[in-house]
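Please look at the sequence and the structure first.

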Amino acid sequence: MRELGFSYQDVLKEGTDLLYVETGCRHYAPARFDDILNVHTTLAKIGNSSLTFKFSIYKQPEDELVATGHIVAVNVDQATRRPAPVPEALREAVARYEG
């Protein structure tokens with residue numbers, strides 16, 4: 001999210017936090033300690049209170065696809081831990097980035 005111009009610290013400043021509620025990963029090839037991996041992440045969907053991130057992991061230098069997956073995070077109020085709307089500033093940052 002930092003690449004979008006809206007960091008995790010910005011989420012916290014909004015009085016909210018992100019909780020991971022779902023993850024999934026499909027493995028295609030092995031990766032070992034000391035392998036150099038590039039992780040490509042996209043914000044695939046913004047719901048009312050949720051964000052869905054998709055990722056692909058590539059081993060270098062061959063650029064071999066190692067895994068793909070997703071993470072669903074729910075934006076919650078810091079005090080109540082109940083779902084809260086995704087901050088408008090984050091929605092605007094995504095719109096500017098996707099331009």
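## Terms and basis

Helices (H or I, at least four residues) and strands (E, at least two) are DSSP runs, numbered from the N terminus. By this numbering, serine 7 lies in the segment before α1, which covers residues 8-13.

The model is predicted: local features need pLDDT of at least 70, side-chain atom pairs count only at pLDDT 80 or more, and totals for chains, interfaces and linings use all residues. Residues are numbered from 1 along each chain as its sequence is written, and side-chain values use heavy atoms, with hydrogens and water left out.

## Overall layout

The protein has 2 helices and 4 strands, arranged along the sequence in the pattern α-β-β-β-β-α. Its C-alpha atoms fill a box of roughly 45 × 30 × 20 Å along the principal axes.

Of the 99 residues, 34% count as buried. Here buried means under 20% relative accessible area, exposed over 50%, and partly exposed in between, with a 1.4 Å probe and protein chains only. Contact means heavy atoms within 4.5 Å. Among contacts between residues at least 6 apart in sequence, 55% join residues at least 24 apart.

## Helix α2

Which residues of helix α2 are buried? In this helix, residues 88-98, they are Leu90, Ala93 and Val94. Seen down the axis of α2, these buried residues fall within an arc of 100°, so they line one face of the helix; the arc is that of the directions from the helix axis to the C-beta atoms. An α-helix has 3.6 residues a turn, so residues three or four places apart point the same way.

The cover over the buried residues of α2 includes β2 (36-46) and β3 (50-60). The face turned away from the buried side carries the exposed residues Glu88 and Arg96. Glycine 99 follows α2 and has a positive phi, near 25°.

Alanine 89 is also placed in α2. This alanine 89 is partly exposed, with a relative accessible area of 29%. Leaving aside neighbours within four places in sequence, alanine 89 is in contact with Phe6 and Glu14. Alanine 89 and serine 56 are 33 residues apart in sequence and 26 Å apart in space, C-alpha to C-alpha.

## Leucine 43 in β2

Leucine 43 lies in strand β2 and is buried, with a relative accessible area of 17%. Leucine 43 and phenylalanine 53 are 10 residues apart in sequence and 4.6 Å apart in space, C-alpha to C-alpha. Apart from neighbours within four places in sequence, leucine 43 is in contact with Leu4, Leu51, Thr52, Phe53 and Val94. Val94 is one of the buried residues of α2.

A polar atom of its side chain lies 2.8 Å from the backbone oxygen of proline 85.

Not counting residues up to four places away in sequence, asparagine 75 touches several residues, including Val11, Thr16, Asp17, Leu18 and Ser49. Arg82, Pro83, Ala84, Pro85, Val86 and Pro87 are also among the residues that asparagine 75 touches.

## Serine 7

Serine 7, in the segment before α1, is buried, with a relative accessible area of 18%. Leaving aside neighbours within four places in sequence, serine 7 is in contact with Met1 and Arg2.

Note on methods. Polar contact = N/O pair within 3.5 Å; in protein donor to acceptor, adjacent residues only side chain to side chain.
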